[in-house]
Amino acid sequence: MTETALTVHQTARPYGFPTSEHFAFVESPLPEPAAGSALVENLYWSVDPYHREMMDGLPGGFALDAPLEGRTIGRVIASRTPRLNEGESLFHRKGWRTHATVTPEEIRRLPRFDKVPLTAYLSTLGGTGLTAYVGLTRIARLQEGEDLFVSAAAGGVGTAAGRFARLLGAGRLVGSAGSAAKADRLTREVGYDAVFDYHDGPAADLLAKAAPDGIDVFVDNVGGEQLAAAVGALREFGRVVRVGTISQYNTPEAPSPRFDYAHIVEKSLRMEGFLVSNYRELQEELYEFAVPHLQSSRLAPDETVVDGFKHIVDAFLGMLRGENTGKIIVRDRSQAPSAT
């Protein structure tokens with residue numbers, strides 16, 4: 001067992017797009033678990049769009065020159081509590097580091113389902129999948145046959161939303177992505193009927209071509225021009241599910257979207273945002289919905305896996321640049337197939 005631990009610290013606040021210069025890897029001795037806690041060796045790490053917002057010094061955000069936080073799955077390697085057993089795998093939020101000490105109150109035990117990989121608890125069955133599930137079932141209240149538009153459809157939430165919507169009986173499924181290759185993959189593999197590359201022209205024109213009869217629900221991961229286009233395309237009683245505003249995370253001076261606010265009244269539209277942390281009680285419901293489909297292969301976890309903790313910053317920056325398809329996950333090299 002290694003005798004040192006690595007943690008990632010944020011060393012400065014970015015203005016615009018962050019770079020590797022805003023982070024530092026810090027080496028330290030392995031932490032010692034106190035009575036009532038356990039030492040966990042982290043094996044899988046999640047890097048997420050919301051981490052970019054956490055970098056800006058907002059309340060509850062990342063502190064400078066301190067270990068960062070994030071979703072992770074690890075294995076207990078030393079325990080000083082009978083409630084955490086050595087060798088068991090668990091979920092916790094002390095990511096961006098190779099090792100962490102945790103108490104039983106800080107972890108979630110992971111049910112082991114046949115044919116379901118551990119990485120699914122950071123993608124389809126994790127916060128990413130739960131965000132898509134809550135957005136569709138609780139915020140949009142998606143009905144069978146309704147037409148859906150998802151922005152950033154190639155991201156973690158976008159791919160999960162597409163696959164879940166198809167299983168829930170959605171009608172026409174339209175998405176936006178950042179390249180023709182992603183658009184092609186989403187239509188071939190994920191179940192989208194049409195996907196446009198948002199670089200190809202005004203979003204309103206591209207959406208009108210992809211969904212000429214309009215849409216009932218918009219799952220918005222982007223904001224900006226695509227939000228404005230979706231408001232115009234929504235039918236009567238349409239709904240906007242606000243998940244994120246990734247188009248503005250790295251462009252603080254970007255103008256807010258401009259749309260005809262009269263549409264909200266005239267078409268009886270509803271726009272609602274949410275934090276998935278307020279819906280954690282639906283975790284078991286997500287398992288009940290998704291696990292049978294994972295086991296039958298009707299549902300596939302969309303993941304881009306990066307090997308090696310030393311690449312976690314690169315993975316995060318790559319995700320912000322849209323280099324991934326599906327959920328991006330960093331994996332300890334010991335967990336790579338060739339290492340087992």
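This is a guided tour of a predicted model, going from the whole chain to single side chains.

Before selecting anything, note that residues are numbered from 1 along each chain as its sequence is written, and that side-chain values use heavy atoms, with hydrogens and water left out. Because the model is predicted, local features need pLDDT of at least 70 and side-chain atom pairs count only at pLDDT 80 or more, while totals for chains, interfaces and linings use all residues.

**The whole chain**

Start with the cartoon view, in which the chain shows 10 helices and 15 strands (DSSP runs numbered from the N terminus, helices being H or I of at least four residues and strands E of at least two). The C-alpha trace spans about 60 × 45 × 35 Å along its principal axes. Colour the chain by accessibility next: of its 340 residues, 53% count as buried, where buried means under 20% relative accessible area, exposed over 50%, and partly exposed in between, with a 1.4 Å probe and protein chains only.

**The aromatic rings**

Now select Phe, Tyr and Trp, whose rings (for Trp, the six-membered one) pair if their centres lie within 6.5 Å, planes under 30 degrees apart counting as stacked, over 60 as edge-to-face and the rest as tilted. By this rule there are 14 aromatic pairs. One of them is the stacked pair of Phe 149 and Phe 218, with 4.8 Å from centre to centre and 10° between the planes. Phe 149 belongs to strand 8 (residues 148-150) and Phe 218 to strand 11 (residues 215-220), so this pair ties together parts that are 69 residues apart in sequence. Phe 149 counts as buried at 1% relative accessibility, and Phe 218 counts as buried at 0%. Then select Phe 23, Trp 96 and Phe 316, which ring pairs link into a cluster.

**Two arginines**

Move to Arg 108, which lies over the face of Phe 91 at 4.4 Å from the ring centre; a charge sits over a ring if NZ of Lys or CZ of Arg is within 6 Å of the ring centre and within 35 degrees of the ring normal.

Finish at Arg 270, which is placed in strand 13 (residues 270-273) and counts as partly exposed at 27% relative accessibility. Leaving aside residues up to four places away in sequence, Arg 270 touches Ile 139, Ala 140, Arg 141, Gly 238, Arg 239 and Val 240, contact meaning heavy atoms within 4.5 Å. A polar atom of the Arg 270 side chain lies 2.8 Å from the backbone oxygen of Ile 139. Val 240 is 30 residues from Arg 270 in sequence, yet the two are 6.2 Å apart in space, C-alpha to C-alpha.

Note on methods:
Polar contact = N/O pair within 3.5 Å; in protein donor to acceptor, adjacent residues only side chain to side chain.
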